[in-house]
Amino acid sequence: MFVSSRHLVSPQLRTARLGTINQHLTDAFIAGKYNSKEVFIGDGFYNGFNFYNGDDPTHGRVDYVDMGTAQSMNLTSSSADTFITRVDTGGVDPASRGRKAVRLESKNQYENHVLVADIRHMPEGTPTWPALWEFGDGWPNLGELDILEGANDNGPNLASLHTSAGCIQPMGGRDMKGTAVSDNCDVAANGNQGCGVKMDSPESYGPAFNGAGGGWVAVERSNDYIKVWFWGRNDGAVPGEVRDNVQGVNPDTWGQPTALFDSSQCPLNDKFGPNKIVINTSLCGDWAGNTYPGGMQACIDAVNSGGDWTGRAYWEFARIAVYV
C-alpha cells in the first residue's frame with residue numbers, strides 16, 4: 001500500500017499540533033461566556049435588518065417605508081462606523097398614514113444571548129416614541145423585551161417585559177440599580193403597561209442621553225433572568241468588552257445591572273422564545289399620543305405640522321453586537 005508522505009507525521013510534530021489545537025480551544029473558551037454571533041456596523045444594518053412597511057401596530061401617526069424609499073429620501077444613511085435612521089422633516093399628506101419613518105427588524109432571531117448597542121444619538125421631540133426592543137412571532141406568546149424606550153422626552157429610560165399571562169416581577173428585593181414601577185408583565189393587565197424598571201440615570205434617555213453623547217445599553221437574556229445595563233458616554237465604569245468591538249463577553253464581570261427581571265414568579269424559559277431585534281421611531285400612538293400635552297389630537301397636529309423637533313428625531317448607531 002502506498003502512503004503519501006503528507007500523511008506521515010512525526011510524534012513530535014503531532015504533539016505540537018495537538019498543543020496548538022488545544023490552545024485554540026482554550027482561547028475560544030476564555031474569549032467570553034458568550035461569543036460573537038453578529039455585529040452590525042455601517043452598511044451591515046442594511047444586510048442584517050428588514051425594513052417593515054406595514055401599519056404601525058402601536059397606532060402611531062407614522063408611515064413606515066421600505067428600504068428603497070428610506071434611502072432615496074435620506075431617511076437612512078451610513079458610513080464606515082455609523083448608521084442613522086431619521087423621520088422625514090418635510091410635509092405630511094393629511095390622507096397618508098403619517099410622517100415617513102423607519103422601523104427595522106432583524107433578519108435573524110435570538111433566544112439566550114447578549115446584545116450590546118453603542119448609540120451616539122436617539123430620537124427626541126415631544127411627539128416621539130423611540131424604541132430599541134425585541135419580540136417574538138405570535139406576540140405576546142414568545143415575549144417582548146423593551147431595552148431602550150420612552151415617549152415625549154420623558155426620561156429616564158424604561159426597560160420592560162410584556163408577556164402572556166403568568167409572569168410577575170417582585171416590586172422589591174431585586175439586585176439592580178433601577179426602580180420597579182409595575183409588577184405584572186401580562187399584556188392583558190393594566191392596559192399592557194408591562195412590568196417596567198425605571199433606570200437610575202437621567203442620561204439613559206432622550207435629550208439628556210443625547211446631550212451626554214449617548215452611551216451603551218446591554219442585555220443578557222438567559223432561562224433564569226434578563227438583565228439590562230446602561231453606561232453613559234463618559235462613565236468610567238463601562239467595561240472594556242462593552243466599549244470595544246470584541247469577540248467574547250462575560251456579563252458576570254459587568255457589575256450590578258440597571259434592571260433585573262428574574263424567574264422567581266415568571267417562567268422566562270416558557271414566556272420567551274426566538275426574538276427579533278427592532279429599532280423604530282413611532283410618533284404619537286398608544287403611549288406618546290395618550291400622554292402628549294393636550295392629548296392625542298394635539299399630538300397628531302404636532303406631527304402633521306412638523307417643526308424643529310423633526311431634525312432631532314433620529315437614531316445614530318456606532319454598533320450593535322450580538323453574542324451567543
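**Entry 1: the pocket**

I began with the largest pocket, whose volume comes to about 710 Å³. I keep in mind throughout that this is a predicted model. Which residues lie nearest the centre of the largest pocket? I found T58, W129, E144, E149 and N192 there, out of 31 residues in the lining. Next I noted which elements give two or more residues to that lining: β7 (103–106), β9 (128–135), β10 (144–149), β11 (158–162), β18 (276–283) and α7 (285–288). Strand β9 gives the most, with four residues. I also sorted the lining by class and got twelve nonpolar, eleven polar and eight charged residues.

**Entry 2: the open sheet**

Then I traced an open sheet of eight strands, and I wrote its order down as β2-β7-β18-β9-β10-β11-β13-β12, with antiparallel pairing. Which strands stand at the edges? They are β2 (49–51) and β12 (179–180); each has a single partner strand, so one side of each has no neighbour in the sheet. I looked at one pairing in detail: β10 and β11 run antiparallel and are joined by three bridges. Along that pairing I picked out D146, whose bridge partner in β11 is S160.

**Entry 3: strand β1 and its partners**

I turned to β1 (residues 34–40) and found two bridges joining it to β16 (residues 248–249), in an antiparallel run. Here N35 stands opposite G248 of β16. I then followed β1 to β19 (residues 314–323), where the two pair in the antiparallel sense over four bridges. The residue I marked in this pairing is V39, with A321 of β19 as its bridge partner.

**Entry 4: aromatic rings**

How many aromatic pairs are there? My count is 15. I opened up the pair of Y52 and Y64, which is edge-to-face, with 6.1 Å centre to centre and 70 degrees between the planes. Y52 lies in the loop between β2 and β3 (62–64) while Y64 is in strand β3, so this pair ties together parts that are twelve residues apart in sequence. Are the two tyrosines buried or exposed? Y52 counts as partly exposed because its relative accessibility is 24%, and Y64 counts as buried because its value is 1%.

I looked at W229 and W231 next: their ring centres are 6.4 Å apart and their planes are at 5 degrees, so I logged the pair as stacked. Both W229 and W231 are buried. I also listed a cluster linked by ring pairs, made up of F40, F45, Y46, F49, F51, F83, W315 and F317.

**Entry 5: charges over rings**

Back at Y52, I saw that R103 lies over the face of the ring, at 4.8 Å from the ring centre. So I had two notes on Y52: the edge-to-face pair with Y64 and the arginine over its face. In another spot, K227 has its charged end over the ring of Y225, 4.5 Å from the centre.

**Entry 6: the whole chain**

Last, I stepped back to the whole protein chain and counted eight helices and 19 strands. Its C-alpha atoms fill a box of roughly 85 × 50 × 40 Å along the principal axes. How much of the chain counts as buried? I noted 52% of the 324 residues.

Technical notes. Residues are numbered from 1 along each chain as its sequence is written. This is a predicted model: local features need pLDDT of at least 70, side-chain atom pairs count only at pLDDT 80 or more; totals for chains, interfaces and linings use all residues. Side-chain values use heavy atoms; hydrogens and water are left out. On a 1 Å grid over the protein atoms alone, a cavity is a set of points where a 1.4 Å probe fits but cannot get out, and a pocket is an open set with protein on both sides within 12 Å along at least five of seven lines; lining residues have an atom within 4 Å of a point. Grid points are joined across faces, edges and corners, and a volume is the space filled by probe spheres set on the points. Ala, Val, Leu, Ile, Met, Phe, Trp, Tyr, Cys and Pro count as nonpolar, Asp, Glu, Lys and Arg as charged, and the others, Gly among them, as polar. Two strands pair if DSSP finds at least two bridges between them. Rings of Phe, Tyr and Trp (its six-membered ring) pair if their centres lie within 6.5 Å; planes under 30 degrees apart count as stacked, over 60 as edge-to-face and the rest as tilted. Buried means under 20% relative accessible area, exposed over 50%, partly exposed in between (1.4 Å probe, protein chains only). A charge sits over a ring if NZ of Lys or CZ of Arg is within 6 Å of the ring centre and within 35 degrees of the ring normal.
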